[in-house]
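Here is a friendly tour of one protein chain, meant for reading with the model open beside you. Please take a look at the structure first, then follow the topics one by one.

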Amino acid sequence: MTTLTKFRLRSATAAALLAAATFLPLHASAALFDDDEARKAILDLRAKVEAMRAELNGRIDSKADKSIALDINNQHEQTMSEIAKLRGSLEVLANELANTQKRQKDFYVDLDARLRKLEPRQVTIDGKTAAVDPAEQKAYDAAMLLFKAGDFKTATVALAEFVRQYPESGYAANAQYYLGTTYYAQKDCKAAILAQQVVVKAYPDSPRAPEAMLNIASCQTELKAVANAKKTLTELLSKYPDSESAATARERLKAK
């Protein structure tokens, strides 16, 4: 109920009551009462009218307040419903965000792990530190497994491919040395000599170099090239006098 409607209702009611209060006492006074009694009756009736009007206004105000309270309550419930919906949407978004962040974290962890597998790692080879990438390490290990298993023919192919693909590898000197050894194991002394000569020439600082020279001398002896074998042993003593191979070379020279 609007304020204007309430005002109109109150005004109409008051007018009716006042008219009744004015009209009725005047006629009553003329017929039944004298002036004082009529005046008193009018005052009493007006008091009753004022009381009735106050009661009526109170009822109207009460109904209006209840209507306003009902409207406010409905609006409150609607607002709370909308807040609940927003809160639910917020929780869904928060959950989706958390899941997205977890997926991103898992992705980066997995990516980092994969990159680490591809990154070179530091290894110690014959007392020296070298960076070796995973593919290089895998190829070398596979070739050496063949060698240790006694599959010299297949190991020859694998080792030759390794030194071709990784000539600068920290494992290159070892791979070249074992390549020569596979030839020797297959009784191919000429190929063995050529392979070991590469070790001496390309990797002179490797611990495998004096061992390679000792193997060259052994192959030369088997090929009946005794003079060449003595020359190789002498060079070994000259270049690597403190090596273990040098001690073996001295014993062989004494025996010749």
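Read along the sequence, the protein chain runs α-α-β-β-α-α-α-α-α-α-α. That makes nine helices and two strands, where helices (H or I, at least four residues) and strands (E, at least two) are DSSP runs numbered from the N terminus. This is a predicted model, in which local features need pLDDT of at least 70 and side-chain atom pairs count only at pLDDT 80 or more, while totals for chains, interfaces and linings use all residues. Residues are numbered from 1 along each chain as its sequence is written, and side-chain values use heavy atoms, with hydrogens and water left out.

**The chain as a whole**

- Of the 256 residues in the protein chain, 28% are buried; buried means under 20% relative accessible area, exposed means over 50%, and partly exposed is in between (1.4 Å probe, protein chains only).
- Among the contacts (heavy atoms within 4.5 Å) with a separation of 6 or more, 47% join residues 24 or more positions apart.

**The two strands**

- Strand β1 (residues 121-125) pairs with strand β2 (residues 128-132) in the antiparallel sense, over five bridges; two strands count as paired if DSSP finds at least two bridges between them.
- Val123 stands opposite Ala130 in β2.
- The hairpin of β1 and β2 has two residues between the strands, and Asp126 takes a positive phi near 55° there.

**Aromatic pairs**

- A pair of aromatic rings is described by two things: the distance of the centres and the angle of the planes.
- How many aromatic pairs does a search of the whole structure find? The search finds seven, counting rings of Phe, Tyr and Trp (its six-membered ring) whose centres lie within 6.5 Å; planes under 30 degrees apart are stacked, over 60 edge-to-face, and the rest tilted.
- Phe162 and Tyr166 make a tilted pair, because their ring centres are 5.1 Å apart and their planes meet at 40°. Both of these residues are buried.
- Tyr177 and Tyr178 form an edge-to-face pair, with 5.3 Å centre to centre and 75° between the planes. Tyr177 is buried at a relative accessible area of 10%, and Tyr178 counts as buried at 17%.
- One aromatic cluster is formed by Tyr140, Phe162, Tyr166 and Tyr171.

**The nonpolar core**

- A nonpolar core is a set of buried Ala, Val, Leu, Ile, Met, Phe, Trp, Tyr and Cys residues joined through side-chain atoms within 4.5 Å.
- Which members of the largest core touch the most other members? Of its 35 residues, they are Tyr140, Leu159, Phe162, Tyr171 and Tyr178.
- Helix α7 (residues 208-222) gives this core its largest share, seven residues.
- Leaving aside neighbours within four places in sequence, Tyr178 is in contact with Tyr140, Met144, Phe147, Leu159 and Arg208.

**Salt bridges**

- Side chains of opposite charge can pair when their charged atoms come close.
- A salt bridge is a side-chain nitrogen of Lys or Arg within 4 Å of a carboxyl oxygen of Asp or Glu, and by this rule the count comes to three.
- Lys102 forms a salt bridge with Asp106, with the closest N and O atoms 3.0 Å apart. Both lie in helix α2 (residues 35-118), four residues apart, about one turn of the helix. Asp106 counts as partly exposed, at 40% relative accessibility.
- Arg164 and Glu161 meet in a salt bridge of 2.5 Å, N to O. They are separated by about one helical turn because they are three residues apart in helix α4 (residues 152-165). Arg164 is exposed at 57%, whereas Glu161 is partly exposed at 34%.
- Glu211 and Arg208 meet in a salt bridge of 3.0 Å, N to O. Both lie in helix α7, three residues apart, about one turn of the helix. Is Arg208 buried or exposed? Arg208 counts as buried, at 16% relative accessibility, whereas Glu211 is partly exposed at 25%.

**A look at helix α6**

- At 1.5 Å a residue, the 14 residues of helix α6 (residues 189-202) should span 20 Å, and the end C-alpha atoms are 20 Å apart, which agrees. The expected span is 1.5 Å times one less than the number of residues.
- Buried residues in α6 are Cys189, Ala191, Ala192, Ile193, Ala195, Gln196, Val199 and Val200.
- The buried residues of α6 pack against α5 (172-185), α7 and α8 (226-239).
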